[in-house]
Amino acid sequence: QVQLVESGGGLVQAGGSLRLSCAASGSIFSGNVMGWYRQAPGKQREWVGDISSSGTTNYLDSVKGRFTISRDNGKNMVYLQMNSLKPEDTALYYCNVPHLQRRFARYAWGQGTQVTVSS
């Protein structure tokens with residue numbers, strides 16, 4: 001069964017930290033680049049960053065130095081450590097396999113996990 005389940009979101013003050021988790025079914029996870037996306041109210045979903053199966057990471061410029069993506073290949077898990085959070089990071093966060101230069105994702109979206117950063 002193809003499945004993506006995000007968790008770990010919450011309400012945090014600006015400057016705080018959160019760690020998001022994504023559990024992916026093996027058919028999605030194995031050998032694939034895994035990415036994080038987010039969608040803020042009234043805005044289009046955007047790519048945040050991704051990690052290859054060997055651990056190479058890429059990030060959206062606005063989160064570089066604050067966000068870190070990691071993965072556990074043995075558990076089919078990918079993580080997003082978010083530090084120095086800003087109100088503009090408020091969004092629903094999703095994981096997926098990036099597609100077409102990261103503009104889209106390959107699989108159906110999960111339910112996402114809400115991150116709210118208060119000022």
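## Disulfide

A disulfide is taken here as a pair of cysteine sulfur atoms within 2.5 Å. In this predicted model, local features need pLDDT of at least 70 and side-chain atom pairs count only at pLDDT 80 or more, while totals for chains, interfaces and linings use all residues. Residues are numbered from 1 along each chain as its sequence is written, and side-chain values use heavy atoms, with hydrogens and water left out.

The distance rule gives a count of 1 disulfide. Its partners are Cys22 and Cys95, with sulfur atoms 1.8 Å apart. The link of Cys22 and Cys95 is right-handed, with 60° about the S-S bond. Because Cys22 lies in strand S3 (residues 18-24) and Cys95 in strand S9 (residues 91-96), the pair ties together parts that are 73 residues apart in sequence. Helices (H or I, at least four residues) and strands (E, at least two) are DSSP runs, numbered from the N terminus.

Relative accessible area is sorted into buried (under 20%), exposed (over 50%) and partly exposed (in between), using a 1.4 Å probe and protein chains only. Cys22 is buried at 0%, and Cys95 is buried at 0%.

## Nonpolar core

A nonpolar core is a set of buried Ala, Val, Leu, Ile, Met, Phe, Trp, Tyr and Cys residues joined through side-chain atoms within 4.5 Å. The largest such core has 26 residues, and those touching the most other members are Met34, Trp36, Phe67, Val78, Leu80, Met82 and Tyr93. At least two core residues come from each of S3, helix H1 (26-29), strand S4 (34-39), strand S5 (46-51), strand S7 (67-72), strand S8 (77-82), S9 and strand S12 (113-118). S3 supplies the largest share, 4 residues.

Which residues does Val78 contact, leaving aside its neighbours within four places in sequence? With contact defined as heavy atoms within 4.5 Å, the partners of Val78 are Leu20, Ser21, Cys22, Phe29, Met34, Trp36, Ile51, Ile69, Ser70, Arg71 and Cys95. Both cysteines of the disulfide, Cys22 and Cys95, are in this list.

## Sheet

Two strands pair if DSSP finds at least two bridges between them. An open sheet of 6 strands has the order S2-S12-S9-S4-S5-S6, with mixed pairing. Strand S2 (10-13) and strand S6 (57-59) are the edge strands, each pairing on one side only. Direction ignored, neighbouring strands of this sheet are turned by 25° against each other on average; the axes are lines fitted to C-alpha atoms, for helices over the stretch in contact, and angles run from 0 to 180 degrees between N-to-C directions.

S5 and S6 run antiparallel and are joined by 3 bridges. Asp50 has Asn58 in S6 as its bridge partner.

## Aromatic pairs

Rings of Phe, Tyr and Trp (its six-membered ring) pair if their centres lie within 6.5 Å; planes under 30 degrees apart count as stacked, over 60 as edge-to-face and the rest as tilted. The whole structure holds 2 aromatic pairs. Tyr37 and Trp109 are edge-to-face, at 5.2 Å centre to centre and 80° between the planes. Tyr37 lies in strand S4 and Trp109 in the loop between strand S11 (104-105) and S12, so this pair ties together parts that are 72 residues apart in sequence. Tyr37 counts as buried at 2% relative accessibility, whereas Trp109 counts as partly exposed at 30%.

Tyr94 and Trp109 are also edge-to-face, at 5.4 Å centre to centre and 65° between the planes. Since Tyr94 lies in strand S9 and Trp109 in the loop between S11 and S12, the parts tied together are 15 residues apart in sequence. Tyr94 counts as buried at 8% relative accessibility. Tyr37, Tyr94 and Trp109 form one aromatic cluster.
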